Amino acid sequence: MVVLSFFLKRSYQFIIVMLVISFIGFSIQDALGDPIHQLVGESVGLAEREKLREKLGLNDPFLTQYVRFVKNALTGDLGTSYFFKKPVMAVILDRFPATLELTLAASFIVIFLSIPLGIYCAVYPKHVLARTIMTFSIIGISMPVFLTGILLIYIFPVQLGLLYSFGRGETLMLFGFWETNFLTQDGLLHIILPAISLASIMLPLFIRLIRGRMVEVLSEEYIHFAKARGLTKNRILYVHAFRNTLIPIVSVAGVQFATMIAYTILTETVFQWPGMGFMFIEAVTHSDIPLIVAYLVFVGFVFMVTNTVVDILYLMIDPTVQLVKQKF
Amino acid sequence: MKLLEIKNLTLSFQYPNKEVIALDDFSLTIAAGERIGLVGESGAGKSLAIFSILKLLKPPCKIKSGSIRFCGREITTMNETELNRLRGDKITMIFQNPLGSLNPVLTVGTHLIETARAHSSLSYKEAYDLACSRLNDVKITRVHERMRAYPNEFSGGMRQRIVIACALMTNPQLMLIDEPTTALDVTIQAEIMELIYNLSVEKKCAFILVSHDLGLVSQLTERVLVLYAGQIVEANATRQIIRYPHHPYTKGLIECLPEFQRTKKQLKVIPGRMPGLDEWPVGCRFHPRCDFAKNDCKEKMPAVTRLKKAVSAPVSNVKRTSSLNTPVAPYVKCFYPLNEKKP
Amino acid sequence: MKERTFFEVARNDYQFLITASILILWLGGAFLAPWLVPQNPYDLTSFDILDSELPPAWIEGGTRQFLFGTDPQGRDILSTVFYGMRLSLIISISAVMIQLMLGTFLGLMAGYLGGRWDSFIMRTADVQLSLSTLMLTIITLAIIKNFFAQEVYDRLAIYMIIMVIGVAEWPQYARVVRSGVLVEREKEYVAAARVVGVSPRIILFKHIFPNLISPLLVIATVQVANAIISEAALSFLGLGMPPTQPSLGLLISRGFEYIFSGAWWITFIPSFFLVVLIVTINILGGWFEDYFNPKLYK
């Protein structure tokens, strides 16, 4: 019951936000893009242009055109890129795997480092190593992500001649549409630096978050009671404390995953990684309005989907939120 | 046979720049199967006293000196592994707040089973069956369903029953019970207390019950220790202490109880409040609130006075030592004990 | 802790003293740049292309004249860095002022008006927070950039960046202010003021607002650091300051390609100043948080 009503509420919010985003996107397109100019160039006469405008429905009222824009968008048609001369969705979907794989690789690094380090800092707050980690996490939070990228490039490819400073390297085509970095050695070597630099922005944040939450949980009464029952330290840490630490972190992780997509714009630019973010910056330099708008709508969509999925996941893993309210 | 023997235990809060004594020269002996009450106002140090038995004090509180022996083994020098073998096995605890004692993300079954399996080589199935029978013991029905439920699906009273079941998973010899009903509705209090008492009789398990409620303690225990500002001010058999309190503070506590009020006038109260940890007065710590205080009460700390007439032991097989350091015999810490001449 | 004043505590904490002195040094250097540094990097006549890519003075080939070396145009890096830092600070502090005003205003409105206004404002805040502010600023500036011709945009860039970063971060402040208002509103002193007949607006500003100052100060401090990072990121992407008026982000971005040829100082000296600036502000923010220990209303 709770899940259902929650789901309905989220869907409602989802639709409203998507409508707002698409409205903004359409207004931009309407104000900035002149499809006729892009389609036919300078050589065609005024009368012919007018005919074309009429035919494409560009003289219709704003709202009629907006409704048409939404309808097309729902079928996946967001227009044609000026620069690539291809449907924008095709361009975006072509670049999407690169960005997603980069984000996944970075998330992997963040998850596998932040959890043990965060717990360590919470359990041994006075240890030298914990203090060092906390100091570095302040520096990490203060390093702009592109700077981390530049530093990595300078240290590894430039000074040491290790790893790669740009591109995806050799990739493998999966299912005919998904180019993956994860299955070739060259691809894996290429993704290391961009992934580390993308992870560098989230890692300190998560270490601090997990540490803070863990410290809070460790002072809870049920931890004390667990000690009084003679449970082993490991059981108390990993079964009792860790689960309680993780649940609220999940909801933060959802938002941060979305934020990471934003940061891919920076890392992809530094490492010339052929993903959506790099494409977006190219679109901006080429004033490719339909592509910019499509990116806006697409990223908005991905954010909303991630958030909704994470919130539902949260509901499912947190037993204190009861699906059926019943008290024994 | 002494089950637990605490001698001259002193606990203190150790801050970087100062040290504050929280429990002063505390001694207590308990025999197998005996039920003892530890009574005092909040802040008297009674919870610290029982937490120290399992070395579960939270820093900066530490054991400063003294000894704690359980079945002849010294606890104060045990390491964590040895302590963990004792905690939740031979000595178990029941906490004050059942709403906080259970982990919200683990099922009731997990709590019970992990407790049993931490102290025995039971298989999961055996532990599960044991848990079910313990839930029956604490009068919980539909056990299989309840084993799968999470703590927040239960009311406070039910959660306290689960905590009690946890404390009985391993056939303990001693239960340390910290204000088990303070956080609960008054209506449920009696049920829970009766359950604890009956189970302790049935399982032949001794307990130390910590409470601020002398009335409650007097119904469930054979012996009472009254704690004031970190010191035991009086120890005696329950029946004796209720009838013939020797310390003015005990007398005040008894007069505060509704059921002991002779007249139907206003409820009596002890004037003032107990001093905080770092503001204990010189002399007898109770003197600022005492109706009977004389000049020497303000200057010197009264020594322990053994009461002249030893009281017949409520539990017949308890042997008493004559040493003053382990005063099992009734005693009072007052210059001018009341009721001295009466039996 | 509470009885001791801020300065009494600060005086005895040497970590704080070191951080604060570095920050003061940096801030002083940035704001006094025009009087301190040898060159005016905005003045094309003050530098010479023949001096380009000279290394810092302590490396072979460097000269005393250019302490931190020169960039590909022959500009003195010391001068560009201090001028750039000045720009970064002006932008971020102005942006935080806007955030503070906007967020406080909307939060007060939400908390005090309640009902529909409250849910509308807070819903918008939720959505905006979930959409990542960096993404919002990048996309917004990308679109604004396309509205204007390059020369016009270059002239307006500083105001645009301030506006965009200023508007993007209001929800955090609004949340804190709103829950603060909700908590404080229930307290006795507000009820007392209301009984005496004090007008709601005066209650809001004279009684409730002062309680919100310390949590707001803590957020604002950290947000200055974040705004510096955001501005640097925007400039790095070419959406921020024009090349004629480089901020730290743009200096780093322009030096990037030279690291491959070994001229690391062009990018790493501005980076060093940027990171030290942000680290000190962040440490100071954490310190404020510990000192004021505001019950960050959740």
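Two residues are in contact when heavy atoms of theirs lie within 4.5 Å. By that rule, 36 residues of chain B are in contact with 22 residues of chain A. The model is predicted: local features need pLDDT of at least 70, side-chain atom pairs count only at pLDDT 80 or more, and totals for chains, interfaces and linings use all residues. Residues are numbered from 1 along each chain as its sequence is written, chains are lettered from A and ligands numbered from 1 in the order in which they are written, and side-chain values use heavy atoms, with hydrogens and water left out.

## Chain B

Chain B has 12 helices and 12 strands. Helices (H or I, at least four residues) and strands (E, at least two) are DSSP runs, numbered from the N terminus. Of its 343 residues, 57% count as buried, where buried means under 20% relative accessible area, exposed over 50%, and partly exposed in between (1.4 Å probe, protein chains only). Among contacts in chain B between residues at least 6 apart in sequence, 67% join residues at least 24 apart. Chain B exposes about 15300 Å², and carbon and sulfur atoms supply 52% of that area. Accessible areas come from the Shrake-Rupley method with a 1.4 Å probe; for residues, only the protein chains shown count as cover.

## Chain C

Chain C comes to 12 helices and 0 strands. Its C-alpha atoms fill a box of roughly 75 × 50 × 30 Å along the principal axes. Buried residues make up 54% of the 298 residues in chain C. For contacts between residues at least 6 apart in sequence, 72% of those in chain C join residues at least 24 apart. The accessible surface of chain C is about 14100 Å², with 64% belonging to carbon and sulfur atoms.

| Interface | Buried area | Share from carbon and sulfur |
|---|---|---|
| Chain B and chain A | about 2700 Å² | 59% |
| Chain C and chain A | about 3400 Å² | 84% |

Between chain B and chain A there are 2 salt bridges. A salt bridge is a side-chain nitrogen of Lys or Arg within 4 Å of a carboxyl oxygen of Asp or Glu. One of them joins A:Arg235 to B:Glu114, with the closest N and O atoms 2.6 Å apart.

On the side of chain B that touches chain A, two or more residues each come from helix 3 (98-101), helix 4 (108-118), helix 6 (143-147) and helix 7 (156-167). Helix 4 of chain B gives the largest share, 5 residues. By class, this side has 16 nonpolar, 12 polar and 8 charged residues. Ala, Val, Leu, Ile, Met, Phe, Trp, Tyr, Cys and Pro count as nonpolar, Asp, Glu, Lys and Arg as charged, and the others, Gly among them, as polar.

For chain C, 34 residues are in contact with 41 residues of chain A. The count between chain C and chain A is 0 salt bridges and 2 residue pairs in polar contact (both at pLDDT 80 or more). The elements of chain C that give two or more residues to this side include helix 5 (115-130), helix 10 (200-236) and helix 12 (265-292). Helix 12 of chain C gives the most, with 9 residues. The side of chain C that touches chain A has 27 nonpolar, 6 polar and 1 charged residues.

Terms used. Buried area is the accessible area (1.4 Å probe) that two parts lose on being put together, summed over both. A polar contact is a pair of N or O atoms within 3.5 Å; within protein, one must be able to donate a hydrogen and the other to accept it, and residues adjacent in sequence count only if both atoms are side-chain atoms.
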